[in-house]
Amino acid sequence: MSLLHHRWLAEQIPAWEQEGIVTADGARRLRERYVVEPQGGLAQMVVGAVGALLIGTGLIAVLAYNWDDFPRWVRMALALGPLAASQAVSWWVLGKDEAAKPWQREAAALVQTLAAGAAMALVSQIYNLPGKWTDLVFWWCVVSVPLAWVLRSQAVAIAYLIGIAVWAVAQVTGRGFGFSGEGADVRLWYPLLLAGILPLWPGPELRERPASGSRLVLAATALLGLFAVATFAADRPAFWLTMLSAAAVLLFPLDRHGIAEPLARKPQVLLGGLALVAMALVATYEDPARHLVKSVGFALPLGWCWLLLAVVGGFALVAFRQGRFAVLAVAGLAVVPLLAAPLSGKDTSGWPVAIIYSFVLLATASALIAIEFLGRQGAARIGAALITLLVILRMADADVSLLVKGLAFIVIGVGFLGFNIFISRRRAALPGGPSA
Amino acid sequence: MKPALAVFALAAVAQWLLPLAGVWQHERVIARGTAVRIRCVAPDPYDPLRGRFLAVRPEENQVPKPAGMPERGDVPVWATLEAGDDGLSRIKSLSLEPVSGPTVIRLMARWQRWDQESKTVFVAWPFDRFYLNERLAPDADKLVAERFREGRARPVAEIRLLDGRAVLTDVLVDGTSIRDVVKQQAN
């Protein structure tokens, strides 16, 4: 059932209860089973956020334009004045407590966040302070995230997540160039900063969940940040650690409602799975496969690697107990290099691992299809798409004529479309059947 | 007080503390520090948060290695500057231990790993940019580039020093602030 159906059901239940169609207990159980997330005036929130964004950025641009014409104390006042004003507005909104409208909370939090960033940037500009702009982003994030907690601001939370991911990536990309100074260790800082979102999601009562768009940002930035940490930890491109990071994101534990949701509302599964499958597909070629197995060798002595392995192992155990076999099948792709490493010598060709990966991908795709036919939550279409992609890749490599390749592609395309029609009809025949 | 209000108050205070700490630290150096001038190069890049600036790089970036310099990593060092007859300061000595004096500046030093025979170390200065209004920055960059092509004197960074800390206060061309030179040219 889609969220629209959930919402429709929630609207009908009071009338059904009144007419005696369902009992009070039955109504309660239906509400628990088909949860409706509070919309909280989404349009209002977006309007509040856009308005705040325009005011904040406009203010910064206007102040910056006049810089050279003002003495230092005037510039200071202009930098800190908007911060004081925005803090006063936020205090007033906070004082209204539950009476504050979502757009008011959103706008107040975002304007204050922008004012805090502007104050720091302008002071830095006035005194010609050195340092990368991403260092400023770090401090901006640290002093702004409490606003996301107390004003329950999605926009500030999104800005925070993007900010910490950008900072983490900058720590890796800036490494090795010039003086590192007293640089931060992202292995420690990124997980700590990511945990900074916990007071908002799931919140102190463990009930708050991010809205759909925020989930996507959370999953995408967590993936990016963890990739950066993996590269930082290994001090070089860390193919296998990146795979483990994607597996951790893919397997992130969900509650019963989360598991029942469609794939489109689980971006961590979609993005983590896509990243893993993409890397596994790349590893079906000799050179990347060789590098992948090599990366196991330099990753294993690292503490970060063992931490990731423990997290992935723990998450996999939870997923197994919850019967999430489809995600487990995909996450299994990250284990292949670890198993293949002891069998590969120092100068061994990457072909054995590349061939193993082709077969493991085929097995994973078959498992995704089979799990659905066994009545569990699978992903038959994704499995079919993966098999199709594998065959196309292998056909593209094959030393056969263009005519044979063309005919093979037509046959694969027809087979794929036919399978999709079959799955659609099968799902339509099943009342409330599993989603892909 | 409700927990949310307490958290908000803490965040609000932190949002003031960060910029004000910078203001206090740098105002102190500007008000009480010793003025020093160093020759530098200054091209014009861009910072996405803070706008246009001249990237100020002192010419003197390689100095004799102090005794006991570690082989790896970036190390804080204390340099004593001495003004020459031309009024420009240069590094007189470098110490791995903190030293005091009106013209002492804390730098970061690195002994290049690939050149273990080298008798010198590279130093990074604690200032690298001079912010300019976006209208002035391109002209300032052009001015510096023209002077470089013509072989004329390089720009000079004017800094204030106090307790080893430095604040870049101006970039001078022939003794005049580059801001004023560019503004005069524009008029």
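**Helix 10 of chain A**

I looked up what covers the buried residues of helix 10 of chain A, and found that the cover includes helix 9 (212–234), helix 12 (267–282) and helix 14 (303–321) of chain A. I took helices as DSSP runs of H or I with at least four residues, and strands as runs of E with at least two, numbered from the N terminus. This is a predicted model, in which local features need pLDDT of at least 70, side-chain atom pairs count only at pLDDT 80 or more, and totals for chains, interfaces and linings use all residues. Residues are numbered from 1 along each chain as its sequence is written, while chains are lettered from A and ligands numbered from 1 in the order in which they are written.

I noted that 12 of the 12 residues of helix 10 of chain A are buried, where buried means that 20 or more other C-beta atoms, placed from the backbone, lie within 10 Å of a residue's own.

**Ala247(A)**

I then checked Ala247(A), one of the buried residues of this helix. Leaving aside neighbours within four places in sequence, Ala247(A) is in contact with Gly272(A), Leu276(A), Val312(A), Ala331(A) and Ala334(A), contact being C-beta atoms, placed from the backbone, within 7 Å.

**Chains A and B**

I turned to where the chains meet, and found 34 residues of chain B in contact with 32 residues of chain A. Helix 1 of chain B gives the most to the side of chain B that touches chain A, with 14 residues.

Methods: Two residues are in contact if their C-beta atoms, placed from the backbone, lie within 7 Å.
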